[in-house]
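Visitor: Hi, could you walk me through this one? I'm new to reading structures, so please take it step by step.

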Amino acid sequence: MGVISLLWGIVALLWMILALIPLLGWGNWFLIPFAAVGAVIAALGILFTHPSKRGRAKTGLVLNGIVVLVGIIRLSLGGGLL
């Protein structure tokens, strides 16, 4: 699950970079739930993985959390539309 959450976070990060372009901010409405699912997958990976092999899942959780946070900030700055 750690690899899945890490790849999910990388895709979300690339999508976030695209959504930072002006007039493409509406993509954040789809990005935030996408990254939240990735964070849930990462949390499950942390929960069910041996403590010595949690690195990828933790990285995926942090990456997806950053994407959600930046997406919310971007939406609040653009009034939810831009």
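Visitor: Which residues is Ser 5 in contact with, leaving aside its neighbours within four places in sequence?
Guide: Bearing in mind that this is a predicted model, Ser 5 is in contact with Gly 38, Ile 41, Ala 42, Arg 56, Ala 57, Gly 60 and Asn 64, once its neighbours within four places in sequence are set aside.

Visitor: And is Ser 5 buried or exposed?
Guide: Ser 5 counts as buried, because its relative accessibility is 0% and the cut-off for buried is under 20%.

Visitor: Where does Ser 5 lie, and what does its side chain reach?
Guide: Ser 5 lies in helix H1, which covers residues 2-19, and its side chain reaches the backbone oxygen of Gly 2 at 2.9 Å.

Visitor: OK, zooming out: how many helices and strands does the chain have?
Guide: The chain has 3 helices and 0 strands, so that reading along the sequence gives the pattern α-α-α.

Visitor: What size of box do the C-alpha atoms fill?
Guide: Taken along the principal axes, the box filled by the C-alpha atoms of the chain is roughly 45 × 15 × 15 Å.

Visitor: Last one: what share of the contacts with a separation of 6 or more comes from residues 24 or more positions apart?
Guide: Among the contacts in the chain with a separation of 6 or more, residues 24 or more positions apart account for 71%.

Notes. Residues are numbered from 1 along each chain as its sequence is written. This is a predicted model: local features need pLDDT of at least 70, side-chain atom pairs count only at pLDDT 80 or more; totals for chains, interfaces and linings use all residues. Side-chain values use heavy atoms; hydrogens and water are left out. Helices (H or I, at least four residues) and strands (E, at least two) are DSSP runs, numbered from the N terminus. Contact means heavy atoms within 4.5 Å. Buried means under 20% relative accessible area, exposed over 50%, partly exposed in between (1.4 Å probe, protein chains only). A polar contact is a pair of N or O atoms within 3.5 Å; within protein, one must be able to donate a hydrogen and the other to accept it, and residues adjacent in sequence count only if both atoms are side-chain atoms.
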